[in-house]
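Here is a friendly note to read beside the picture. Take the points one by one, and find each residue on screen as you go.

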Amino acid sequence: MTRNQWSMLTPSMIFHNGCVHTVDPHDTIVEALAISNNRIIATGMNEEILAMAADHTKRIDLGGRSLIPGILDTHAHAVEVGLFLKNLFCNGIPSIKDLVDAVAEKVAVLPKGAWLQGGCWIETQFSENRMPTRWDLDPVSPEHPVVIERIFSTCVANSCALHLAGINKNTPDPAGGTIERNPKTGEPTGILHRSAKALVRNIMPTGTDTGSLAGSSVAEIRALAQTAMQAFVSYGITGTLEAGVGPDMCRAYHDMHKSGDLLVRTSLMPNWYGFTITQNMDQMDRLIGEMGFYTGFGDEWLRLSGLKMAIDGGLTSKTALKSWAYLGGDPPGQVPLRLDLDRLDDWVKSAHDAGWSVGIHVMGDIAIEKAVNAMYQAHTANPADRRHQVIHAYYPSADSLAKMKEAKLVAAVQPAFIYGEADGYPNLLPEDKQESFLPLRTYLDAGVIVASSSDTPSAHFNPFWGLYAAVTRRGMQGHQLGTREAITVTEMLRTMTINGAYMTEDDHFKGSLEPGKVADLVMLDRNLNKIPDESLKDITVEKTMIDGRFVYEK
């Protein structure tokens, strides 16, 4: 239907007297919007939209507040978020003392000997500016094994958990991992890096009641996803991409969709080469050849997205594949790679030719170049419409930027990492690398499509923390990564909505407030155009609508 044809319908609901950010190609802002059942039918000024109303039309006065498209968190791990929400979600806890208090509160209601697993912390969020250790956790958990996951590649375990895992001062570091130790006594501090985490994970009971996804049933996975989605909609998130799914997770989402319990529109990104530490390579090899489906299969609620791959590790864990040195020097040895770089080009081309988009986790500039070159070569040989994603993409080169623009590769970035990590960067990164970290201005000026997300639980899923960080370049304790790479609220809003829909090949039905698109929208508690930048992080959601139905109201 044309715009005029949509406007001929009678609205079931009208939002008026507000600041409606349509996020159309011109970023038009209007006063009012009309929907009919689950579709947007018109946008415009108050008088013309209110004139469409019938007796049964419900009218909602925005009171000058902003109405925006539903926010799309297009790189997340909702099931894992649900697990931490069920047990102990640590992001935003301001100090180690508060973390210890939270552990004490949780173990107080657990049976003696029961495990507690939490996650989503980083040392820069704590006022003490250090990692928690076993000695912090032990006083409140002497009879409960406790494991709390850092945002990437590290966890802290208390003495009870270390004892059950057989970890002591004489335990050697496993291949590819490190048991952090007190430099004077040699005693483990409880901090376990990379493969050393498996020493504890391997002896944990399975099932979500213990805080573990290992061995979880499809029903348990489904319940965790639903827990996360209930939290997501309270922050205006109407669509998400579940990154790195396997068969059980796919079945859990399918079951939710089939029963009508899928609260948030979801794209599924199957786990492919490099995503997990251990993989069945035969299974990876067969995925695209035997499956028959490819990116875009599904409907407006549940769809297949690209394939998830990974090359390097993390920046703060010092496992990024890069050409420059950290402050104080790099760790000894080579950066552990997560896949065979000699096969990367062939893998990407095989996926591209089979109809799949590919998303590759890359942190350092060398890793970015490897991923971009593989995607660019596949595009050059077969210029089909694929929306490959360069995930995280902290430090692109000029050559990578040019190739990303030409091949329409998407920079799938997480500005919330600035909010969560920037305060620790003066001790980690040279000044020029702080200023050029996650260069949003450079990407946009180079004509690269940018889609922002949270990668939760590696960061909090609050999208307004990411909005604040993109505009101000400040961490939660105030450190600023310069202003050169800052972008505007309007630019960031596009990355949170329509650009994410483009990335997942959903922009024909969602991502903006235009006639014919689904009525996924968010009413904020204030006007985005009339608040200082410092207040962006404090935005809250009044109402969230998905498919013409309110799924959250404050």
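1. In which loop is Asn-37 found? Asn-37 sits in the loop between strand E4 (32-36) and strand E5 (39-44). Helices (H or I, at least four residues) and strands (E, at least two) are DSSP runs, numbered from the N terminus. Phi of Asn-37 is near 60°, a positive value in a residue other than glycine. With a relative accessibility of 56%, Asn-37 counts as exposed. The words for cover work like this: buried means under 20% relative accessible area, exposed means over 50%, and partly exposed is in between (1.4 Å probe, protein chains only).

2. A word on where the numbers come from. This is a predicted model, in which local features need pLDDT of at least 70, side-chain atom pairs count only at pLDDT 80 or more, and totals for chains, interfaces and linings use all residues. Residues are numbered from 1 along each chain as its sequence is written, and side-chain values use heavy atoms, with hydrogens and water left out.

3. Now visit the loop between strand E21 (449-452) and helix H17 (463-472), where Pro-457 is found. The peptide bond from Thr-456 to Pro-457 is cis, with omega near 15°. Asp-455 lies in the loop between E21 and H17 too. Asp-455 is not a glycine, yet it has a positive phi of about 55°. Is Asp-455 buried or exposed? Asp-455 has a relative accessible area of 7%, so it is buried.

4. Next come the salt bridges. Here a salt bridge is a side-chain nitrogen of Lys or Arg within 4 Å of a carboxyl oxygen of Asp or Glu. How many salt bridges does a search of the whole structure find? The search finds 29 salt bridges.

5. Lys-403 forms a salt bridge with Asp-399, and the closest N and O atoms are 3.1 Å apart. Both Lys-403 and Asp-399 lie in helix H13 (residues 398-407), 4 residues apart, about one turn of the helix. Lys-403 is buried because its relative accessible area is 19%, and Asp-399 is partly exposed because its relative accessible area is 41%.

6. Another salt bridge brings together the side chains of Asp-330 and Lys-322 (3.1 Å, N to O). Asp-330 has 41% relative accessibility, so it counts as partly exposed. Lys-322 has 11%, so it counts as buried.

7. Look next at Lys-554 and Glu-542, whose side chains meet in a salt bridge (3.4 Å, N to O). Lys-554 lies in the segment after strand E24 (549-553) and Glu-542 in strand E23 (residues 541-546), so the pair ties together parts that are 12 residues apart in sequence. Lys-554 is exposed, at 55% relative accessible area.

8. For a pair of helices, turn to H8 (residues 218-233) and H9 (residues 247-259). Their axes come within 8 Å and cross at roughly 65°. Axes are lines fitted to C-alpha atoms, for helices over the stretch in contact, and angles run from 0 to 180 degrees between N-to-C directions. H8 and H9 are therefore roughly perpendicular to each other (angles under 35 degrees count as roughly parallel, over 145 as roughly antiparallel, 65 to 115 as roughly perpendicular and the rest as oblique).

9. Finally, find a nonpolar patch on the surface: Met-291, Phe-293 and Phe-297 form it, with about 270 Å² of accessible area together. Patches are made of residues with over 30% relative accessible area and no salt bridge; like charges are joined within 9 Å, and nonpolar side chains (Val, Leu, Ile, Met, Phe, Trp, Tyr) within 5 Å. Accessible areas come from the Shrake-Rupley method with a 1.4 Å probe, and for residues only the protein chains shown count as cover. Met-291 lies in helix H10 (residues 281-291). At 31% relative accessibility, Met-291 counts as partly exposed.

10. Asp-24 lies in the loop between strand E2 (19-21) and strand E3 (29-30). Asp-24 is buried, with a relative accessible area of 12%.
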